[in-house]
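Hello,

Here is the structure we talked about handing over. Please open it first, then read the notes below.

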Amino acid sequence: MTNSVHDMGGMHGFGPIPREDNEPIFHEEWEGRVLGLMMTTGAHLKSNIDNTRSQSEMLPPATYLSLAYYERWFLRLERVCKQKGLVSERDLAALWAGHDIPETLEAEPIGPDDMRRIFAKGRSYTRQLDASPLFAVGDTVRAKNINPKGHTRLPRYARGKVGVVTAEHGGQIFPDTNATFSGEGPERLYTVRFRATDLWGSDANTKDTVCIDLWEPYLETIRADR
Amino acid sequence: MPHDSHDHTDPPSDLTLRVKALETALTRKGYVDPAAVDAVVDTFETKVGPRNGAAVVAKAWTDPDFKQRLLDDASAACAELGFSGQQGEQLKAVENTDDVHNIVVCTLCSCYPWPVLGLPPSWYKSHAYRSRAVIEPRAVLEEFGVSIPEDKEVRVWDSTAELRYLVLPERPDGTDDLSEDALAELVTRDSMIGTGVAKK
């Protein structure tokens with residue numbers, strides 16, 4: 001979902017930044033388990049990072065804001081595990097009530113060594129593209145004014161704004177299609193630098209800039225007559 | 001509480017119990033090996049974290065060739081020191097200079113360079129930081145005790161794609177005699193996000 005509250009760049013009203021001295025890695029043990037469960041079930045859920053983000057964004061805005069970070073992750077994970085049939089409501093209810101459930105071993109889990117290897121190896125998001133770049137470093141471009149109903153990584157605050165391409169990063173998986181499993185649809189990725197005054201108006205510092213990584217379909221050339 | 005549907009039970013409000021139930025269910029079905037979950041937790045608690053990034057920065061401060069490699073291809077340069085993996089596949093190092101102060105945010109979620117900085121602090125994921133860093137970076141920096149002169153550019157990096165940013169902070173004056181290890185002690189997590197500067 002695109003125009004929802006997760007896209008919060010430039011919003012007012014959230015107050016001072018809450019900082020904590022000597023913050024632990026995990027505040028509660030269950031938070032680490034949630035992260036671990038997410039990372040170890042990825043292959044069985046046949047998920048991808050864009051769909052995962054998209055799932056979070058589909059929460060009603062009030063819910064999104066009210067949930068703690070790992071709580072949001074957990075509720076998403078539990079929901080997806082049920083949707084994809086990995087676990088059933090009945091099994092969970094039994095466990096909540098303090099009963100055990102039978103071992104059925106429907107799949108082969110990832111072991112600790114493989115998990116470490118997967119983590120250390122990382123994933124590749126880059127893809128070879130045949131098409132030549134539409135834009136070059138130094139080009140002035142406009143971020144399109146688009147409002148898709150689906151997932152996108154073009155923040156609202158940049159839409160319709162003009163910036164300069166400062167880097168080109170080759171072909172990369174396109175989140176807008178990958179999020180719905182309708183294909184990786186790789187597109188070229190650029191870094192575009194916007195002046196703060198162009199984004200926020202004349203009250204912004206004239207020196208300041210914001211750099212955003214944007215895929216080619218998010219960008220358009222500036223027409224010569226404008 | 002009675003319910004209309006016999007198939008539905010309200011989940012427990014205790015998240016410890018609820019998470020445990022999901023892990024147990026997934027384990028019984030063969031989708032999860034709890035030892036693999038332990039491995040993830042151990043990785044974040046002991047293997048990745050800002051000390052990795054600090055080692056990278058200290059090396060860049062003392063070794064000009066390494067610094068150049070870091071600025072050219074940060075993933076490859078960090079991998080030289082053994083730091084690579086998920087959420088660090090495409091690292092980019094951005095250098096603070098006399099003219100530019102860099103600061104990193106993810107306005108859309110919580111993207112962060114795990115191999116070099118570990119998991120993000122809560123404030124990095126907070127609605128306040130995500131909303132404000134792009135529109136009023138100087139006010140944000142002031143909250144962190146960092147004052148940037150009006151005529152120096154504050155450059156905000158919004159991590160919207162799979163690139164992950166590491167700020168290369170300025171080396172403090174008067175540290176010429178310090179070893180690489182001693183220099184690494186000066187490199188704070190926040191200085192590598194851009195909301196801080198290296199300790200003096």
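**Helix 5 of chain A**

Asp91(A), Leu92(A) and Leu95(A) are the buried residues of helix 5 of chain A. They line one face of the helix, because their directions, seen down the axis of helix 5 of chain A, fall within an arc of 95°. Part of what covers these buried residues belongs to the other chain: helix 1 of chain B is included in the cover. Please keep in mind throughout that this is a predicted model.

Just after helix 5 of chain A comes Gly98(A), with a positive phi of about 95°. The loop between helix 5 and helix 6 of chain A then includes Ile101(A). Not counting residues up to four places away in sequence, Ile101(A) touches Asp91(A), Ala94(A) and Leu95(A) in its own chain, and Ala25(B) and Arg28(B) in chain B. Ile101(A) and Met11(A) are 90 residues apart along the chain, and their C-alpha atoms are separated by 47 Å.

**Two residues with positive phi**

Leu105(A) is found in the loop between helix 5 (89-96) and helix 6 (112-121) of chain A. Its phi is near 45°, a positive value in a residue other than glycine. Leu105(A) counts as exposed because it has 12 C-beta neighbours inside 10 Å.

Lys46(A) also has a positive phi without being glycine, in this case near 50°. Lys46(A) sits in the loop between helix 1 (29-45) and helix 2 (49-57) of chain A. How many other C-beta atoms lie within 10 Å of Lys46(A)? There are 9, so Lys46(A) is exposed.

**The strands of chain A, and one of chain B**

Strand 4 of chain A, residues 187-195, is mostly covered, with 7 of its 9 residues buried. It has pairing partners within chain A. With strand 3 (residues 162-172) of chain A, strand 4 of chain A pairs in the antiparallel sense over 6 bridges; there, Gln172(A) stands opposite Glu187(A). With strand 5 of chain A, strand 4 of chain A pairs over 7 bridges, again in the antiparallel sense, and Val192(A) stands opposite Ile212(A).

The pairing continues across the chains. Strand 5 (residues 209-215) of chain A pairs with strand 3 of chain B over 4 bridges, and the sense is parallel. In this pairing, Cys211(A) stands opposite Trp157(B).

**The contact between the chains**

How many residues does each chain give to the contact? Chain A gives 78 residues and chain B gives 70 residues. On the side of chain B that touches chain A, two or more residues come from each of helix 1 (15-28), helix 2 (34-47), helix 7 (122-125), helix 8 (127-135), helix 9 (137-143) and strand 3 (153-158) of chain B. Which of these has the largest share? That is helix 1 of chain B, with 11 residues. By class, this side of chain B has 34 nonpolar, 16 polar and 20 charged residues.

**Domains**

Chain A is divided into domain 1 (29-121) and domain 2 (126-221). Taken over C-alpha atoms, the centres of these domains of chain A are separated by 31 Å. The contact between them takes 6 residues from domain 1 of chain A and 5 residues from domain 2 of chain A. On the domain 1 side, the residues divide into no nonpolar, 3 polar and 3 charged.

Chain B is divided into domain 1 (15-46) and domain 2 (49-193). Their centres, taken over C-alpha atoms, are separated by 31 Å.

**Chain B as a whole**

Chain B has 11 helices and 4 strands. Its C-alpha trace spans about 70 × 35 × 25 Å along the principal axes. The radius of gyration of chain B is 21 Å, whereas a compact globule of 200 residues would have one near 16 Å. Of the 200 residues in chain B, 50% are buried. Among the contacts in chain B with a separation of 6 or more, 67% are between residues 24 or more positions apart.

Regards

Technical notes: Residues are numbered from 1 along each chain as its sequence is written. Chains are lettered from A and ligands numbered from 1 in the order in which they are written. This is a predicted model: local features need pLDDT of at least 70, side-chain atom pairs count only at pLDDT 80 or more; totals for chains, interfaces and linings use all residues. Two residues are in contact if their C-beta atoms, placed from the backbone, lie within 7 Å. Ala, Val, Leu, Ile, Met, Phe, Trp, Tyr, Cys and Pro count as nonpolar, Asp, Glu, Lys and Arg as charged, and the others, Gly among them, as polar. Two strands pair if DSSP finds at least two bridges between them. Domain bounds come from an automatic or database domain assignment. A residue is buried if 20 or more other C-beta atoms lie within 10 Å of its own, exposed if 12 or fewer, and partly exposed in between; C-beta atoms are placed from the backbone. The arc is that of the directions from the helix axis to the C-beta atoms. The radius of gyration is taken over C-alpha atoms; the globule rule is 2.2 Å times the number of residues to the power 0.38.
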